[in-house]
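Please consider how charged side chains pair within a folded chain. Side chains of opposite charge can pair when their charged atoms come close.

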Amino acid sequence: MKKVLLVLTSVSELGDTGEKTGYNVAEAAHPWKVFKDSGHFVDFASIKGGVPPRDEVDTTDPIQVAFTEDETTKAGLYNTARVDVVDPSQYDAVYLVGGHGTMWDFPDSEGLQKLVASVYNAGGVVGAVCHGPAGLLNVELENGLRLVEGKRVAAFTNDEEVAADKDKIVPFFLADRLEEQGATHVSAGVFEEKVVVDERLVTGQNPASAGGVAKEMEKLLAEVIHQEKAEEQDEAAALRAEKDAEKAAAAAAAESDH
């Protein structure tokens, strides 16, 4: 079992429009189910801590309903940790949940940048979907490169911002900003599913891609678990061989005494 941290926005309003926003519930719920069904422990954090604002729940989606009704999840969302006090070493993966609010508070959060960099530097998995990749901006790794530099990524497209009628509201186009920081933005059609895996970075284009991002993250986590088990078996075999050699040496010594 691994520990996965879901990070949520703390922004509840789209700029100065008065229009309510928050984290996208589908983008939290579908990965939550993938991680839970795989036996992993899921935790929550947000930029400011406390109760994060959320977008509307689609009550026709049973996974969103289950997410909002799960008692453990409700407790976790009631008082999320602030990203800047989270201990990155406690997590094997971090997943950045989208929602338009992330465009205002993810890119300039030093706490989030340090968290994401620490998890990735330690060999962990980083995932993000839709507007969640705004939290990948300005993340610098220990090798001095930006996390997205030279990597293929998916994120909410310019055309999707126009289709959502948010192109005049968002502070910048996410796909453009990712490319400015050295990423190659890869996309499918408007609101079509698109998931991109590049090393231990998994990104998705829109809400339809959220479950797919989590499944690809799960594959990477499963590889880590498999490798750890193989290493444990190798260590156990080496220990057995060492003990057997000690027994054989002791038996040989006893034989020579006679």
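The model is predicted, so local features need pLDDT of at least 70 and side-chain atom pairs count only at pLDDT 80 or more, while totals for chains, interfaces and linings use all residues. Residues are numbered from 1 along each chain as its sequence is written, and side-chain values use heavy atoms, with hydrogens and water left out.

Nine salt bridges (a side-chain nitrogen of Lys or Arg within 4 Å of a carboxyl oxygen of Asp or Glu) are found in a search of the whole structure. One of them joins Asp 92 to Lys 2, at 3.9 Å from N to O. Asp 92 lies in the loop between strand S3 (81-82) and strand S4 (93-96) and Lys 2 in the segment before strand S1 (3-8), so this pair ties together parts that are 90 residues apart in sequence. Strands (E, at least two residues) and helices (H or I, at least four) are DSSP runs, numbered from the N terminus. Lys 2 is buried, at 8% relative accessibility, whereas Asp 92 is partly exposed, at 27%; buried means under 20% relative accessible area, exposed over 50%, and partly exposed in between (1.4 Å probe, protein chains only).

A further salt bridge, at 3.8 Å from N to O, connects Lys 151 with Glu 199. Lys 151 belongs to the loop between strand S5 (125-129) and strand S6 (152-153), and Glu 199 to the loop between strand S8 (195-198) and strand S9 (201-204), 48 residues apart. Lys 151 is buried, at 7% relative accessibility, while Glu 199 is exposed, at 57%.

Within helix H3 (residues 71-78), Glu 71 and Lys 74 are three residues apart, about one turn of the helix. Their side chains meet in a salt bridge of 3.3 Å, N to O.
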